Each structure stands twice: as C-alpha cells, then as structure tokens.
Amino acid sequence: MIPRLQLIPDSASSISHEVNLFFGLMVILCSAVATGIAIFLIYSAVRYRRRDPNEMGSQRRNYIPAEVTWIALPFLFFMGMFAWGAKLYFEIERPPDNTVNMYVVGRQWMWKFQHPEGQREINTLHIPVGRPVKLIMTSEDVIHSFFVPAFRTKQDVVPGRYETTWFEAIQPGKYHLFCAEYCGTKHSGMIGWIYAMNPDDYQRWLTEGAPEGSLASQGEKFFHQFGCSNCHHFDNAGRCPNLLNLYNHPVQIGGGETVLADDGYIRESILDPNAKIVYGYQPNIMPNFTGQISEEQLVALISYIKALSPSPGTQQPSSSGTTPKNYGVQKGIAGPGATSISGSHLEQR
Ligand code: HEC
Ligand SMILES: [Cu+2]
C-alpha cells in the first residue's frame, strides 16, 4: 500500500482555508522573487561578462527609477503579507465568545482531556462541529506542543502556566493530534485523534455520561477534601475571601493593583498564595498547595470556582440548542451554607 501523499493536510477548521491561501501566496511570492533574482543574476553574468582582458566596466552608478522600483515593490508586497499575517494571527490568538472550554494536560507521553461535563479522555478528544472550542492547556512535566494539522493549530504547553488556543471544526471527521515538541524518548508516541462530531452525535456522546459528575462538581469535592471550605466560606464574615463571583472579575491586591481573576490567577492563588495577596487580607494564612494538588484536580477546582460565578465567563447555555443542558452553572453546586448558586449569596460580593 502506498500511503496517500498529501502536500496539504486536510482543511477542517474555520481558519484552515485562509491559512492555506496565506501560505500559498507566501510560497508563490517568495519563489517568484527568488526565481526572478536567480534569472537576472544568470542573465547578467552572461550578458555582461568580461570579453576582453583589458575591458573596463561602465562608470554609470545608479539608475534612480530602477532603484525606486526594486525597493518599493517588494516593500509593498511584503508589508501586505505582514498585514494579512497579523490579522490572521490575531484571529487565531483571540478566542471568540461562547466557546466550549476543554482542559488539556500534557505529560510524558500522553494528552489528557477534561470536558466541563466531567468526561475524561486520553489521547482522544471529542468535539462538536460548528462551535468554537477553547483549550486551556498546561503540562505536568516538560514542554509539549499541541498540534492538529487539519485545524492549523499548534500551541506549546508549558509547565506551571496555562496556555489557551481555540479552533472551530467545520467538518465532521477524525483528525490527527501530535506532540510537536521533542519531549523525551517516547515523544513520537504522543499522538492521538480529535473526533469532530455533528452536534447531535456529540450530544449523544456526552450523555453516555461521566461517572464522576461534571468537572465543577468534582472540583466541589476537592474543595472539601483539601480543606479549602474550612477557610473559604460563602459569606463575607470570615478572614478569607469569599469566592462567589470571583471568576473573571477584577480583584484588588495589596499594593493597590487590580488583576483579573482568570484561570491563571486562580491557579497562582492556589499554588503560590503569597504571590498576590488580596487587598485587606494577611499573607501566610492560606497554605501553599504546590505538590499536593495535581494539574487535573486544579482544573476541577478552577471549574468549581468558575461555576460559583454564573456570568460572564462561565459557559452560557446557548440558544442554538447544540449545548448540553448542564453547560451553564451546574445544578447541585453550592458552597457550605449556600442554598443555591443563583441564590441570595450572589449579592454579597
Ligand atoms: C487556612 C485558610 C485557607 C485555606 C485552607 C485555603 N485558603 Fe484560599 N485564601 C486564604 C486567604 C487568607 C486568602 C487571601 C490572601 C491571599 O490572597 O493569599 C486566600 C485567597 C484565595 C484565593 C484568591 C481569592 C481572591 O478573592 O482573589 C483563591 C482563589 C483561593 N484562596 C482558593 C483556595 C482554594 C482552592 C483552596 C483549597 C485548595 C484554598 N484557597 C485554601 C485562606 C485559605
Ligand atoms: Cu510531548
């Protein structure tokens, strides 16, 4: 069997077509310039070769119109490429609103995925077609790189921080996933598949269930297990911050600075609490959880804290009907003493 020789990988995401055009134009433009220079070089070498040992070169130095042309034309072409490339880059870098958020943890040598509904997968990821999917990614050990050629998506994952990327599959199918950063002896085995499914099929796949409950409710369990709930009460009476409505809201920290409570901030608050002390609170009260909480537990805890903050920033049930019913604030998640997430405690922050 001769494997199919593919010059261009499948194009299966909302940006892959434009990336093809862009890349194609860049190849054409660069080869045209390179060929033009090579031809002119050979022509000149032949045409203006020295024919006689005593021949003197012409003294004429510059021909202004030619110089202006060969400076201006390439400049315009390449600045155009730059502008288009920058536009495309920002499109790829900035996730749209209303994404489905998945958590990705890379480790030697596998990709681990967690769905907000609680499903976990290793080296396979099921996603719906026609909806932007945002990945919040980190690594447990060394730098890996999440690479899906068919989506034109490649993002390094770095231990100790969250990286994000996003894509929207436009065609159902099964697409290769690679690690594109040499990460050890079995790097070449760090591969998998992305299954892009029609929304209905995806829905069905989701309802096959997550034995451990949604990610946020797993996080709620860890919140008690690690003793967070001993300190963090859902009222403003305690000596610890109230975590209701924290996610995606600005937090004032010591020194008068304000930071946004995004995934990275919450991660840092748990692993290195003294890095940023919430205004009005004391340092060295919250224990340092580095080494005690795994990346996956951290992701669940963050999802729980996210679910304590119904909007914006949590995933809203979309009106298109393609979202599972439990996408938004999960039922049954409530802090100690809180009757419900949407209850009266929300006004307290
Ligand atoms: C011994 C009490 C204590 C425990 C246990 C504790 N915390 Fe904290 N936490 C604090 C205090 C005090 C602060 C405020 C000072 C600071 O910023 O570190 C804080 C701050 C935070 C913040 C930042 C809050 C904000 O408003 O910006 C988050 C998030 C957080 N904790 C999450 C957790 C999680 C998750 C756990 C369990 C894994 C946990 N905490 C365990 C005492 C505690
Ligand atoms: Cu790797």
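This is a predicted model: local features need pLDDT of at least 70, side-chain atom pairs count only at pLDDT 80 or more; totals for chains, interfaces and linings use all residues.
**Around the ligand and across the sheet**

Which residues come nearest to ligand 1? Of the 24 residues around the ligand, these are Cys228, Cys231, Pro241, Tyr281 and Met286. Two elements give two or more residues each to this shell, namely helix H5, spanning 228–231, and helix H6, spanning 263–271.

Now step back to the whole chain. Its 349 residues include 28% that count as buried, and the chain has seven helices and 12 strands. Among the contacts with a separation of 6 or more, 68% are between residues 24 or more positions apart.

Next, find the open sheet of five strands, where the pairing is mixed and the order reads S4-S10-S9-S6-S7. Which strands form its edges? They are strand S4 (124–128) and strand S7 (153–157), each of which pairs on one side only. On average, and ignoring direction, neighbouring strands of this sheet are turned by 20° against each other.

Within the sheet, take a look at strand S6 (residues 144–148) and strand S9 (residues 173–179): they run antiparallel and are joined by two bridges.

Technical notes
Residues are numbered from 1 along each chain as its sequence is written. Chains are lettered from A and ligands numbered from 1 in the order in which they are written. Helices (H or I, at least four residues) and strands (E, at least two) are DSSP runs, numbered from the N terminus. A residue is buried if 20 or more other C-beta atoms lie within 10 Å of its own, exposed if 12 or fewer, and partly exposed in between; C-beta atoms are placed from the backbone. Two residues are in contact if their C-beta atoms, placed from the backbone, lie within 7 Å. A residue is near a molecule or strand if its C-beta atom, placed from the backbone, lies within 6 Å of it. Two strands pair if DSSP finds at least two bridges between them. Axes are lines fitted to C-alpha atoms, for helices over the stretch in contact, and angles run from 0 to 180 degrees between N-to-C directions.
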